[in-house]
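Thanks for coming. I will go through one model this morning, starting with the fold and then moving to the inside and the surface.

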Amino acid sequence: MLFNSYIFLFVFLPISVAGFLVCNRIWGRQSALVWMTSTSFLFYGWHIPEFVVLLAASILVNYTAGRALAFDQLSSPKKKYLLVAVISANIGVLGYFKYANFFLETIALLYGGQVTALKVILPLGISFFTFQQIAYLVDCYAGKTAGRNFVEYAFFVTFFPQLIAGPIVHHKEIIPQLIGSNRFSISAENFAVGLTIFGIGLFKKVIIADTMGALANPGFDSAAAGQVLSFSEAWITTTAFGLEIYFDFSAYSDMVIGIGRMINVNLPINFSSPYQSTNIIDFWRRWHITLSRFLRDYLYIPLGGNRVGKFRRYNNLMIVMVLGGLWHGAGWTYLAWGALHGLYLIINHGWRFIYTRSTLLISVATKLPNSIRKLCCWGTTYVAVTIAWVFFRAENLTAVKTMLAAMAGQTGFQLPRDAMLQFGHVWHFIFLSGIPNTQTIKLGMATFGVLSIIFIVFFCPNTQQIMGKYNRALGHEPVRQKLFGYIENRLVWKPSSAFAIVCALMVVVSILLLKSDQSEFIYFQF
Amino acid sequence: MNLSTSSFRKWVCIWGVTFTAFVGLAGATTEWLIRTKVEPNDIFLKHIEFFRTSTQQNVAIGDSIVALGFTGQKGYSNIAYPSETIEIAEQKLRIYFSSRKMQHVILQADIHQFCKHRVNRAAKSRTATYENLRWVRMFSPVHRTQWLLYWRTYFGKGYFKPKFAFQPDGAQTLSGTINGAEDNPSSVCDPIKNIYQSRIAKSYLAIANFVKAKGGQLCLVRFPKSHERRKLIRARAGYKAVEIWFQKFAREQKVKFIDLLDLVENDDLFNDHDHLNHRGALTVSPKIKDACSS
């Protein structure tokens, strides 16, 4: 079930939230948790009910193992064997559903021959709930958590807003919030704030992300079909995809936090204006924050982190990013995307190392005005991230090559048609000389649309900033300097009638513009 | 400002009232617009209605070339619709002849059917579109994605005017002329290279098999083009290969392939370089019918 569907907005969400609050009021906290867990299973099994069995089995096995690891009935070596066995089982299930065909294809590629693809359908959200439960098991083993009761555990894993596309919530963040007799009493403040955040997310998804998707898809489809794209088409296509995934993920994160807040559950922030980052390290602190946290705590640090010398550290970074790439999808393009980001991070850390030791670089940098320095850093980061999106979005490595060749200007610097009409033949003479216009997308309008959205990304406050002091997303830190203090102050949310009307109208407009063939959130496929 | 709980309750109430009022208002007015302004002028709905109620056993099908170019022939229905691919034509034929007997099927055999943009276009099933309209019209598949467009048109123009004249036999005709306009080379597309394994080729074969199975006769027709367009087409690489494919396909499937590309010498019979106007359609259609049924 999609958040941007009529059935979810008009039936599932109101019934599940109202039912939760009513259950809590009449029968108490435990029954409310049972209600929400049940509706979450319904949400999960909406399209393929069989996967409910997989989810339930996964919860049952991991909960039982967690209890055994948390208490002292087993000896230390036995606990270690159990931990290894259960984590292997989790990874095995994930590997089978997500990577089996990729593995077979790779074997066929390496050794030649044909393979018959397994008929495997990837269960929704398997990457998310597997990682969540692995973290729980590791912490049980390390004595960092005691196994809670089953209903709380099941709620933590299945809570529907975060079940399919994250954030990868940590048991320490959720389970303590489920305790307390008045924990889920109806709170008008939380409901109003949650409704607003949810509405902002819906608006971002329907109005911005889907529009950008419509601009990006034809270009990538053309590249996949082997068609030639011009320089401007390729850049607009890629930039549009960068904005699509940005707003898609941002929208989903907002909607998740909003739904949680409606029932008094604060979920962790997962997205914090990542395109405003001035280096790639900062980007990964703002993009998919909970995945970065998981990979840091449960992979990078166990590998030795940055305590094992420069070479090993960079090696660890690369391993983490390649696995992070593969976590997003089983394919060479995802692997390449992860490796490219690994390389970016290594360069970033290397640059920092050199920069802090070079008096020449420091003296040059300090001579530059702060704004110019920032602009250079931001520009480099943004372009690097945008180029990496080509690997993430393209159908295959051939399409990646086609797109990158066009972005490098190898197919000519065709200007948008509208710009050509504006500037006449001089531009044609300078930039083109006989390169075909593929007419894949209406470039003039697309350029305008993309630039408008880039303006929003950089100059408008994000959801956390709009919600101001009412924002209680876990881990939220104000990370951005105010550019237009006056405007931003006006945009900060207040429980006023004007905001109520504007927020309601945003939801109305989003609902009216929902497509009948709703586009799913990009992160649903992971 | 009072930030007490009651203030938040008030906020939620205002939100609820605004939401309900605007969703209700938007829904009611959109329904009104669809029922009173859109549907009476919607060619697509007329086409659907015609498609559903036509009783003819002879049909012509394809995209706008056929929709505009074949009319006025007794015993024939024109069930073509602009921009529809051969894959959609296949689906439509299956739906149409699921409850009717079949005699002659005139199927468009123009080379642009194999152009990249056509091949790449998703062959989404239009079956849902041909389902009955729902009681609440705005939730019908045919309308659901168009709400904003309807309002934009209504506020922009103030009225809905059909683009084509809908004829009693299902044809959609235009009465314009080329008026000596220059042909635009970029509007001639390039066919794909891999014709034989393409989805379009498979659809042509599926149609041929379907027509055979229903006891009908299939007739592939390449419709006429203007002088300028013919020159452009012939200068284009890749067109000969598709022409050969059609000839080979017709031979193998034992169906007729009527090539009328050069039939019309008088450019006044064209609405534009690709499409016949109403007069042109009335002139050409009897020749198509005769060639196919001889």
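When I say helix, I mean a DSSP run of H or I with at least four residues, and a strand is a run of E with at least two. Counted that way, chain A has 23 helices and zero strands. Please keep in mind that this is a predicted model.

Some totals for chain A. It has 526 residues, and 55% of them count as buried. Among its contacts with a separation of 6 or more, 76% are between residues 24 or more positions apart. The accessible surface of chain A is about 23,200 Å², and carbon and sulfur atoms hold 67% of that.

Now the inside. The largest nonpolar core contains 162 residues, and Phe8(A), Phe155(A), Tyr275(A) and Trp493(A) have the most contacts inside it. Helix H9 of chain A, residues 188–224, gives this core its largest share, 16 residues. There is also a second, separate core of 40 residues, including Cys115(B) and Phe257(B).

Back to Phe8(A). Leaving out residues up to four places away in sequence, Phe8(A) touches several residues, among them Phe43(A), Phe160(A), Phe198(A) and Ile259(A).

Helix H1 of chain A, residues 6–27, supplies the largest share of the patch, four residues. Trp46(A) sits in the loop between helix H2 (29–44) and helix H3 (50–70) of chain A. The relative accessible area of Trp46(A) is 38%, so this residue counts as partly exposed.

Terms used
Residues are numbered from 1 along each chain as its sequence is written. Chains are lettered from A and ligands numbered from 1 in the order in which they are written. This is a predicted model: local features need pLDDT of at least 70, side-chain atom pairs count only at pLDDT 80 or more; totals for chains, interfaces and linings use all residues. Side-chain values use heavy atoms; hydrogens and water are left out. Buried means under 20% relative accessible area, exposed over 50%, partly exposed in between (1.4 Å probe, protein chains only). Contact means heavy atoms within 4.5 Å. Accessible areas come from the Shrake-Rupley method with a 1.4 Å probe; for residues, only the protein chains shown count as cover. A nonpolar core is a set of buried Ala, Val, Leu, Ile, Met, Phe, Trp, Tyr and Cys residues joined through side-chain atoms within 4.5 Å.
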